[in-house]
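Thanks, everyone. Let me walk you through one model. Have the structure open as I talk.

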Amino acid sequence: MSLWLTHPLFIPSLVIGITILLWATSLLPEFITALLFFAVAMVAKIAPADVIFGGFASSAFWLVFSGFVLGIAIRKTGLADRAARALSSRLTDSWPLMVASVVLLSYALAFVMPSNMGRIALLMPIVAAMAKRAGINEGTRAWYGLALAVGFGTFQLSATILPANVPNLVMSGAAEGSYGIHLNYLPYLLLHTPVLGWLKGAVLIMLICWLFPGKPHAPRDLTPAEPMSRDEKRLAWMLAVVLLLWVSESWHGIGPAWTGLAAAVITLLPRVGFINGDEFSSGVNIRTCIYVAGILGLAITVTQTGIGNAVGEALLQVMPLDAEKPFTSFLALTGITTALNFIMTANGVPALYTTLAQSFADATGFPLLSVIMIQVLGYSTPLLPYQASPIVVAMALGKVPARAGMLLCIALATATYLLLLPLDYLWFSVLGKL
C-alpha cells in the first residue's frame with residue numbers, strides 16, 4: 001500500500017477517479033464537478049495547464065458554443081418553427097412514428113454532415129418546435145425522449161459512418177499512424193451498419209417509446225405558412241453555406257468547429273447578425289460549455305499522465321484473451337473498450353486501444369484490422385452520459401435531467417451487450433473478419 005501511495009500516478013488517479021465518481025452519481029451539478037477538477041488538478045499539479053484546460057482548445061468545445069448561438073438564431077427568426085411545420089404534418093400521427101422519424105433524421109444527417117455537435121445544434125430547435133406543435137411540452141417525459149433520440153441517434157448510430165464521429169476519426173488516425181492501416185469508407189460501413197446502425201436504431205426507438213411514452217396529436221393549425229421573412233432567408237442562406245463547408249471539409253481543410261464559430265460570430269454582429277447581447281447571455285448555456293471542457297480536459301489528462309496506458313496494460317493482463325476461444329476474446333476486447341470508456345470517455349478510448357491493438361491481436365489470433373474494428377461497439381455504447389459529450393450537449397439543450405439520460409444509457413447498453421454483441425460477433429464471422 002505504501003508503495004502505491006508514493007507512486008507518481010496515485011494523485012492523478014485519485015483526482016480523476018473522484019471526478020468520474022461525481023459525474024456518475026450526480027452528487028454535484030456537472031459543471032461544478034468540472035470546475036472542481038480544474039481547481040484540484042492545478043493545485044495538485046497533476047499535469048501542465050495546457051493539458052488540464054485542453055478542453056477549451058478542443059474543436060468539440062467550440063462546436064458546442066457555436067451550436068448554442070446558432071440554435072438561438074434558428075428559433076428567434078422562426079426558421080425552426082417553419083421546418084417543424086413541414087415535418088410535423090407528416091410525422092406526428094403516432095408516438096413510435098414520431099420517435100422513429102427523429103432517430104432516422106439524426107442518423108441520415110450523419111451521412112452529409114461530419115460533426116456530431118453541429119447536427120445536434122441544427123436538429124434540436126427543429127425537434128423542439130415540432131414537439132410543441134404536436135402538443136408535447138418541454139419538461140415532460142415525452143419531450144425527454146425526443147431530446148434523447150436526437151443525442152443517442154446522433155452519437156451512437158453515427159459510429160457506423162467513418163467520417164461522422166470524432167472517436168472514429170481518432171481511431172482512423174491512430175491506425176494509420178501506428179500501423180499504416182488506412183480505413184476505407186464502404187468496407188467500414190458494411191461491417192458496422194447492419195448491427196450497430198439498423199438493429200441498434202430499432203432497439204433505441206423501442207426503448208424510447210417504452211421508457212418515455214408520449215401521445216402526440218396532429219397540429220390543429222392548418223392555415224398556410226406566412227412567407228419567409230428577410231431574416232429567415234438570410235439565416236437559411238448562411239446555414240446552407242455552413243452546411244456546404246461542413247460537408248466539403250476534406251476539400252478545404254477548415255474544421256467544422258471553426259466554420260461554426262465563424263457563423264456564430266456573424267450571428268452576433270450588430271446590425272448584421274440575428275441576436276443581441278441579452279439573447280446571447282440568456283440562451284448560451286455556459287454551464288454545459290464548462291462541463292464539456294471538463295470532460296475533454298479529463299480525457300486529455302488521462303492520456304498525457306500515462307494513466308490510460310497503465311490501465312490498458314493492466315486490462316491486457318487480466319482479461320481472458322485466448323486464441324482457442326474466439327467469442328470469449330471478442331467479449332473481452334469489448335469489455336476492455338467499455339472499461340476504458342469510464343476513464344477516457346469515447347473520444348479518448350480509440351487513441352489508447354488502437355495503440356495496444358497489436359498486443360491484443362497476438363493474444364487472440366484475430367487479424368489486426370478486426371481487433372481495431374471491435375472497439376467500435378464499446379466506445380459507441382456509453383454506460384453513462386458523461387462518456388459521450390454529444391449526448392451531454394443534447395441533454396443540456398433539451399434540459400433533460402441526468403437521471404433520464406442515465407436510464408436510457410443503461411437500458412440501451414444492456415440491450416446492446418445482451419442482444420447485439422452476439423449478433424455483431426456473428427456478422428464479423430460471416431464477413432470472415434475473425
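Start with lysine 399. It is exposed, because its relative accessible area is 62% and the cut-off for exposed is over 50%. This is a predicted model, so keep that in mind throughout. Lysine 399 sits in the loop between helix H21 (389–397) and H22. Its phi is near 55°, a positive value in a residue other than glycine. Why flag that? Because most residues other than glycine have a negative phi.

There is another case. Lysine 45 also has phi near 55°, again positive and again not a glycine. Lysine 45 is in the loop between H3 and helix H4 (49–52). With a relative accessible area of 71%, lysine 45 is exposed.

Now step back along the chain from that loop. Helix H2 covers residues 10–25, and helix H3 covers residues 30–44. How do they pack? The angle is about 175°, and the axes are 10 Å apart. Over 145 degrees counts as roughly antiparallel, and therefore H2 and H3 are roughly antiparallel to each other. From H2, the contact uses Ile11, Val15, Ile16, Thr19, Leu22 and Trp23. From H3, it uses Glu30, Thr33, Ala34, Leu36, Phe37, Val40 and Ala44. By type, that contact has ten nonpolar residues, two polar and one charged.

Next, aromatics. How many aromatic pairs does a search of the whole structure find? Ten. Take phenylalanine 53 and phenylalanine 56: ring centres 6.3 Å apart, planes at 35°, so the pair is tilted. Phenylalanine 53 is partly exposed, at 32% relative accessibility. Phenylalanine 56 is partly exposed too, at 30%. Now phenylalanine 330 and phenylalanine 428. Their ring centres are 5.5 Å apart and their planes are at 75°, so this pair is edge-to-face. Phenylalanine 330 is in helix H18 (residues 326–355) and phenylalanine 428 is in helix H22 (residues 402–430), so the pair ties together parts 98 residues apart in sequence. Both of these phenylalanines are buried. One more item here: Phe37, Phe38, Phe53 and Phe56 form one aromatic cluster. Phe37 is also one of the H3 residues in the contact with H2.

Phenylalanine 428 has a link to serine 370. Serine 370 touches Phe428, Lys433 and Leu434, leaving out residues up to four places away in sequence. Serine 370 is in helix H20 (residues 368–379). Is it buried or exposed? Buried, because its relative accessibility is 5%.

On to the core. In soluble globular proteins, nonpolar side chains tend to be buried together. Here, the largest nonpolar core has 145 residues. Those with the most contacts inside it are Trp143, Leu146, Leu333, Tyr353, Phe360 and Leu408. Which helix gives the most to this core? Helix H11 (residues 185–211), with twelve residues. Look at leucine 408 in detail. It touches Leu148, Phe152, Leu204, Leu207, Ile208, Leu211 and Phe212, not counting residues up to four places away in sequence.

Last stop: leucine 123, in helix H8 (residues 116–133). At 4% relative accessibility, leucine 123 counts as buried. Beyond its neighbours within four places in sequence, leucine 123 is in contact with Leu105, Ser106, Leu109 and Val150. For scale, leucine 123 and alanine 293 are 170 residues apart in sequence. In space, they are 22 Å apart, C-alpha to C-alpha.

How values were computed. Residues are numbered from 1 along each chain as its sequence is written. This is a predicted model: local features need pLDDT of at least 70, side-chain atom pairs count only at pLDDT 80 or more; totals for chains, interfaces and linings use all residues. Side-chain values use heavy atoms; hydrogens and water are left out. Rings of Phe, Tyr and Trp (its six-membered ring) pair if their centres lie within 6.5 Å; planes under 30 degrees apart count as stacked, over 60 as edge-to-face and the rest as tilted. Buried means under 20% relative accessible area, exposed over 50%, partly exposed in between (1.4 Å probe, protein chains only). Helices (H or I, at least four residues) and strands (E, at least two) are DSSP runs, numbered from the N terminus. Axes are lines fitted to C-alpha atoms, for helices over the stretch in contact, and angles run from 0 to 180 degrees between N-to-C directions. Angles under 35 degrees count as roughly parallel, over 145 as roughly antiparallel, 65 to 115 as roughly perpendicular and the rest as oblique. Contact means heavy atoms within 4.5 Å. Ala, Val, Leu, Ile, Met, Phe, Trp, Tyr, Cys and Pro count as nonpolar, Asp, Glu, Lys and Arg as charged, and the others, Gly among them, as polar. A nonpolar core is a set of buried Ala, Val, Leu, Ile, Met, Phe, Trp, Tyr and Cys residues joined through side-chain atoms within 4.5 Å.
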